[in-house]
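Subject: Structure handover

Hello,

Here is the structure I said I would pass on. Please open it before reading the notes below.

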Amino acid sequence: MSQNIPQLSPQEAQRKAWMGLLAKAPETQLIALWGERPDPEHEVLRGPELGSTMVRGRIGATGNAFNLGEMTLTRCSIQLSGGAVGHAYVQGRSKEKARIAALVDALMQTDAEDEIRAEILSPLAATQQADKAARAAKAAATKVDFFTMARGED
């Protein structure tokens, strides 16, 4: 069974990465990094709105897909006065996190990209890498090596 999966352009791949980073960011950290920054002039296109989505899974990552259950999410779409449109889908019920994530997405498509990357995305990425390393270290500490000893006949 061959699927034709479209390849992302480099710009689309970068946007996918920063949107994933924003979606997974801890709410308190994202809000703190946004800080007292004044909101850029923008129009709210959608939301922030609460909803739910069906989460699907696969046994062993290769089996047939099945409905695992529903997950609450919040979405938001905004358009900056310059025309850039930002979207956000975040897990949970945080309207503020969704709004900030949509603003960051839109600003990353403007001349403010370098500033936003340095002040918001880089610290989020560092935190996620540290969390991942901590989880890996914790898992490694519980690793059990099984071995077989050959029993010699004397």
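In what follows, Lys and Arg count as positive and Asp and Glu as negative, while His and the chain ends are not counted. The place of a charge is taken as NZ of Lys, CZ of Arg, CG of Asp or CD of Glu. On that basis the protein chain carries 18 positive and 19 negative side chains, and the centres of the two sets are 8 Å apart.

This is a predicted model, in which local features need pLDDT of at least 70 and side-chain atom pairs count only at pLDDT 80 or more, whereas totals for chains, interfaces and linings use all residues. Residues are numbered from 1 along each chain as its sequence is written, and side-chain values use heavy atoms, with hydrogens and water left out.

Overall layout

The protein chain contains four helices and three strands; helices (H or I, at least four residues) and strands (E, at least two) are DSSP runs, numbered from the N terminus. Their order along the sequence is α-α-β-β-β-α-α.

The C-alpha trace spans about 85 × 35 × 30 Å along its principal axes. The radius of gyration of the protein chain is 21 Å, whereas a compact globule of 154 residues would have one near 15 Å. That radius is taken over C-alpha atoms, and the globule rule is 2.2 Å times the number of residues to the power 0.38.

Of the 154 residues, 23% count as buried. Buried means under 20% relative accessible area, exposed over 50%, and partly exposed in between (1.4 Å probe, protein chains only). Among contacts (heavy atoms within 4.5 Å) with a separation of 6 or more, 54% are between residues 24 or more positions apart.

Helix α2

Which residues of α2 are buried? In this helix, residues 27–34, they are Q29, L30 and W34. Seen down the axis of α2, these buried residues fall within an arc of 135°, so they line one face of the helix. The arc is that of the directions from the helix axis to the C-beta atoms. As background, an α-helix has 3.6 residues a turn, so residues three or four places apart point the same way.

The cover over the buried residues of α2 includes α1 (10–24), α3 (95–107) and α4 (113–141). T28 and A32 are exposed on the other side of α2. For A32 the relative accessibility is 58%. A32 and I120 are 88 residues apart in sequence, but 9.4 Å apart in space, C-alpha to C-alpha. After α2 comes G35, with a positive phi near 55°.

A98 is in helix α3. Is A98 buried or exposed? A98 is buried, at 0% relative accessible area. Leaving aside residues up to four places away in sequence, A98 touches T74, R75, C76, A88 and V90. A98 lies 65 residues from L33 in sequence and 14 Å from L33 in space, C-alpha to C-alpha.

P48 is part of strand β1 (residues 42–58). The peptide bond from G47 to P48 is cis, with omega near 10°. For context, most peptide bonds are trans.

Regards
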